[in-house]
Amino acid sequence: MHKNCQRRKFHVGEIRNPLANSPSPTEIAPLLDEYAKHPPRPLTLSTLLSFGRPLTPESVLNSVGYVLSEVPRMFGWRVRALEELPFIVGMNPFIAKILAAHRRSFQLLATYPTVESLEDNVKFTTQLEALVQTHVNDIPIMAKGFQECSRYMTPEEISSFLDAAIRNRIAVRLLAEQHIALSRDLQDPDNRSKDHIGVVHMSCSPRDMIRMCGSFVSDLCEATLGASPEIIIDGQVDATFAYVPVHLEYILTEILKNAFRASVERHYKVHGSSSTHKIPPVRITIAPPPSPVPHPSVLSLRIRDEGGGVSPSNIPLIFSYSFTTAGPGNDEDELGGGPYAAQHVGGSAAIDHGPDGSGSSPGGSGNSPGLFGEIVGRGVQTGMGTIAGLGYGLPMSRLYAMYFGGSLDFLSLDGWDKGQPHRMRIFVSNLAYPFLDMLLEDIKSVPCGWEELR
């Protein structure tokens, strides 16, 4: 092992008595049986928007009903999935902690009394916010658990479980945060954003998101590696679309972390760290679909860097969990750091808690994590994130892109530049969204937004 390669510590706070204050399997078995009769309904943008257009007391109470119908079912299905893991995996303290938290949340929501008034909703929203905070670190805790149990399950089994768990988590967070945001907007209409319906930005600008994420990643890259490439944005730079900004933020941050580190390390390898040669830029092309096309429509982002490409043997593993070459002093990949080259630069999913396991997002205020605080925490102080190097950045980004029907793909192209062999890495993210006019028609025709747009 290289003398600089050291085993990195993963700190998630103390894991003691994970089943304390958690209902026993026997206690919640009848409830689980009831909620397991039908799987959770697919969650779409139309569902999220249906409760806020128009925003009325009745629509917010309808939102409560939907949350209390679907979220317990989502927790229930995850409880069953966790209970069905191999015994030795379920006994892992990190996995056991996740199971205990899911049982508590399931019982709380499955037995919650009917919310019949806005006053009742205020109390419910407060408890829902507390529940969201309870699960703020589920992903990194689960990541550590499966890292320790990797010998007891095949990579395919772990990947399948994590895909389902993260998709479920996305739905829970979206429903919870959407209801909380709509409730706040109804209570304080003067501070309501005109271009938002809850957590959905109706005119989300990819260019603005790229600039914001690029500035953040650039600071991290310079603090970690001493330099960063320029970002060039071209294509339909003024395009906007209806989307959940925090999903796009996570996708862009992870891809840019990857592209930046690969570009800088490849540049250092070819020209030396003291070279005056300019680091090749990262080019991002925005390409909205032609109009008119059937909905859902797709907005495409193409992110190109000259970080040295990826070896053919690693291409199939790009979006596999726990596949990473990130980490200080890793010289094994001759192509500029490998497919996860920027994973350790960021720390957008980092957690660093005290003994009680509590903490806040780097970008939050006080003890509040904000919307999806654990995956979009900001600030150079996150540095080498504690989940970084576990190989979750790109597979999670792909799940976020795919959630509403989009995709995330990777290409490594060989070519020639000025007579020299040249490799280019390309990420292509297709973000699916319904056309606004057709979306509003669907909202009017589907009061509860339960039917999935195809």
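What is the handedness of the crossing of H10 and H12?

Mentor: H10 and H12 cross in a left-handed way. Keep in mind that this is a predicted model.

Start with the geometry. H10 covers residues 245-271, and H12 covers residues 393-403. Their axes come within 9 Å. The crossing angle is roughly 145°.

Now the residues. H10 brings His247, Tyr250, Ile251, Glu254, Ile255 and Asn258 to the contact. H12 answers with Gly393, Leu394, Met396, Ser397, Tyr400 and Ala401. Sorted by class, the contact of H10 with H12 has seven nonpolar residues, four polar and one charged.

Next, look at confidence. The pLDDT is below 50 over residues 327-388. In the model, that stretch still has 181 contacts beyond near neighbours in sequence. Residues 1-19 also stay under 50 in pLDDT. For them the model has 40 contacts beyond four places in sequence. Where pLDDT is low, the predicted coordinates should not be read in detail. For the protein, the average pLDDT is 76, and 72% of the residues score at least 70.

Now set other helix pairs beside yours. Take H6, residues 118-134, with H5, residues 93-110. Their axes come within 11 Å and cross at roughly 170°. Angles over 145° count as roughly antiparallel, so H5 is roughly antiparallel to H6. H5 passes H6 in a left-handed crossing. Ser105, Leu108 and Leu109 of H5 make the contact with Phe124, Gln127 and Leu131 of H6. The class count for H5 with H6 is four nonpolar, two polar and no charged residues.

H6 also packs with H8, residues 155-187. Here the axes come within 10 Å and cross at roughly 140°. That angle makes H6 oblique to H8. The crossing of H6 and H8 is left-handed. On the H6 side, the contact residues are Leu118, Asn121, Val122, Phe124, Thr125, Leu128, Glu129 and Val132. On the H8 side, they are Arg173, Ala176, Glu177, His179, Ile180, Ser183, Arg184, Leu186 and Gln187. By class, H6 with H8 gives eight nonpolar, five polar and four charged residues. Phe124 of H6 takes part in the contact with H5 and in the contact with H8.

Side chains of opposite charge can pair when their charged atoms come close. The structure holds 16 salt bridges. One of them joins aspartate 33 and arginine 80, at 2.5 Å from N to O. Aspartate 33 sits in H1, residues 25-35, and arginine 80 in H3, residues 57-83. The two are 47 residues apart, so the pair links distant parts of the chain.

The loop between H2 (45-50) and H3 holds proline 54. Most peptide bonds are trans. The bond joining arginine 53 and proline 54 is cis, with omega about 0°.

How values were computed
Residues numbered from 1 in each chain as written. Predicted model: local features only at pLDDT ≥ 70, side-chain atom pairs only at ≥ 80, totals over all residues. Heavy atoms only, no water. Axes fitted to C-alpha atoms, helices over the stretch in contact; angles between N-to-C directions. Helix = DSSP H or I, 4+ residues; strand = E, 2+ residues; numbered from the N terminus. Parallel < 35°, antiparallel > 145°, perpendicular 65-115°, else oblique. Left-handed = near helix turned anticlockwise from the far one by under 90°. Contact = heavy atoms within 4.5 Å. Nonpolar A, V, L, I, M, F, W, Y, C, P; charged D, E, K, R; others polar. pLDDT = per-residue confidence, 0-100. Salt bridge = Lys/Arg side-chain N within 4 Å of Asp/Glu carboxyl O.
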